[in-house]
Amino acid sequence: MARIDELRAGLDHTRDRIAQAARAAGRDAREITLVVVTKFFPESDVRLLAELGVTDVGENRHQEAQRKAAACADLGLRWHFIGSLQSNKAAAVAAYADVVSSVDRAKLLPGLSRGLRERHPAATGGLEVLVQVSLDDPDAAHHRGGVPIAGAGELCDLVDDTDGLRLRGVMGVAPLGGDAAAAFRVLGEVAARIRAEHPGADWISAGMSHDLEPAIAAGATHVRIGSAILGNRPEIK
Ligand SMILES: *Cc1c(COP(=O)(O)O)cnc(C)c1O
């Protein structure tokens, strides 16, 4: 099968799953943004996805993201940085990302702000930021990143107070081998508390290839889907 046909089939199937999950939850599927996670896949796939109507793409490694965003600058895509971020790379990420979904500590904020200002000295719109909230059991062997729930409100306040950054909501990754539905319900509660303080922070990024249904049931506005569309990646790390 030609690559574009594989990608079209993956997209069609994923869009059907999103539509079905939205219907089951009594929600409008148009409230849900599909972010296609293109990490490990070539720029040529990003081009085909854009041809197929994809508007939002996600990357989790800075160097790869930087290279692809530059190579695909003509496509007008929105680039979501979804990976763990080093503070010495934050300014560089803000130079190409439209959304940073994985802000998990205050130390990242000055760099993001500076990078955004270097890119758009006078922009008023700002860099869209999600605070990544940890949904792991504190005793878990594997941590999927994020600020502990107890610190999420304070970090959101700090994002909101940082020049150039626009707090849009929260992001979460279900615990490995855990109960994704329960974790996403917790994320939904955290999101509601944050929204009460910051009404513009109404995004919830949750759900990947294997757990988009419980994420949508719990209120996700953004799902981050890689392998269900692009196929299996080479093993990470
Ligand atoms: C890789 C990745 C995804 C996509 O995962 P799939 O299981 O391939 O859909 C989503 N979110 C984050 C944070 C990721 O790193």
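**Ligand site and helix packing**

Let me begin with Ser-209, which places a polar side-chain atom 2.5 Å from an oxygen atom of the ligand. Please bear in mind throughout that this is a predicted model.

In Arg-233, a polar side-chain atom is 2.7 Å from an oxygen atom of the ligand. How much of the ligand does the protein bury? Taken alone, the ligand exposes 390 Å², and 90% of that is buried by the protein.

Which residues surround the ligand? Besides Ser-209, Arg-224 and Arg-233, the shell contains Val-37, Lys-39, Asn-60, Ile-82 and Met-208, together with Ile-225, Gly-226 and Ser-227. By class, that shell comprises four nonpolar, four polar and three charged residues.

I turn now to the helices. Two packed helices are described by the angle between their axes and the distance between the axes. Helix α6 covers residues 149-160 and helix α7 covers residues 180-197; their axes come within 10 Å and cross at roughly 30 degrees. The crossing of α6 and α7 is right-handed. On the α6 side, the contact is made by Ile-149, Ala-152 and Cys-156, and α7 contributes Val-186, Val-190, Arg-193 and Ile-194. Sorted by class, the contact of α6 with α7 has six nonpolar residues, one charged residue and no polar residues.

Thank you; I welcome your comments.

Definitions and conventions:
Residues are numbered from 1 along each chain as its sequence is written. This is a predicted model: local features need pLDDT of at least 70, side-chain atom pairs count only at pLDDT 80 or more; totals for chains, interfaces and linings use all residues. Side-chain values use heavy atoms; hydrogens and water are left out. Axes are lines fitted to C-alpha atoms, for helices over the stretch in contact, and angles run from 0 to 180 degrees between N-to-C directions. Helices (H or I, at least four residues) and strands (E, at least two) are DSSP runs, numbered from the N terminus. A crossing is left-handed if the near helix is turned anticlockwise from the far one by less than a right angle, and right-handed if clockwise. Contact means heavy atoms within 4.5 Å. Ala, Val, Leu, Ile, Met, Phe, Trp, Tyr, Cys and Pro count as nonpolar, Asp, Glu, Lys and Arg as charged, and the others, Gly among them, as polar. A residue is near a molecule or strand if one of its heavy atoms lies within 4 Å of it. A polar contact is a pair of N or O atoms within 3.5 Å; within protein, one must be able to donate a hydrogen and the other to accept it, and residues adjacent in sequence count only if both atoms are side-chain atoms. Accessible areas come from the Shrake-Rupley method with a 1.4 Å probe; for residues, only the protein chains shown count as cover.
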